[in-house]
Amino acid sequence: METDTHKWLKRIALQFLREKGQDVVVNEVPFKCGIADALGLNYKRKEVRVVECKATKQDYVRDKKLLWNSKYNYYSESHYFYIMCPTDIIPKE
């Protein structure tokens, strides 16, 4: 079940992508490697941006090893990949 925090992050992700100049922004986009929480397309620059939202540290830690696994890798299908979370969820180091 999706938490309110995760829903909020997905809304913020759409706003972030619009600010990055994306022409189309959508949530929950299926890829061969998973479902992108948010995706933006810019037709003129021919670019794809993906945002993965992590609502809790446990969510991040659980998926951290998967984010770099080739089966869960948005890099091959996007030009930019972001992880969005509340402050202090992911340590800077």
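Guide: The chain has 2 helices and 4 strands. Helices (H or I, at least four residues) and strands (E, at least two) are DSSP runs, numbered from the N terminus. This is a predicted model, where local features need pLDDT of at least 70, side-chain atom pairs count only at pLDDT 80 or more, and totals for chains, interfaces and linings use all residues. Residues are numbered from 1 along each chain as its sequence is written, and side-chain values use heavy atoms, leaving out hydrogens and water.

Visitor: Which pattern does the chain follow along the sequence?

Guide: The pattern is α-β-β-β-α-β.

Visitor: How is the sheet to be read?

Guide: Strands of a sheet pair through backbone hydrogen bonds, either parallel or antiparallel. Two strands count as paired if DSSP finds at least two bridges between them. Here an open sheet of 4 strands has the order β1-β2-β3-β4, with mixed pairing. At its edges are β1 (24-31) and β4 (80-84), each pairing on one side only. From one strand to the next, the twist averages 30°.

Visitor: How many bridges join β2 to β3?

Guide: Strand β2 (residues 34-42) and strand β3 (residues 47-53) run antiparallel and are joined by 5 bridges. One partner pair is Asn42 with Glu47 in β3.

Visitor: What share of the residues is buried?

Guide: Buried means under 20% relative accessible area, with a 1.4 Å probe and protein chains only. Buried residues are 40% of the 93 in the chain.

Conventions: Buried means under 20% relative accessible area, exposed over 50%, partly exposed in between (1.4 Å probe, protein chains only). Axes are lines fitted to C-alpha atoms, for helices over the stretch in contact, and angles run from 0 to 180 degrees between N-to-C directions.
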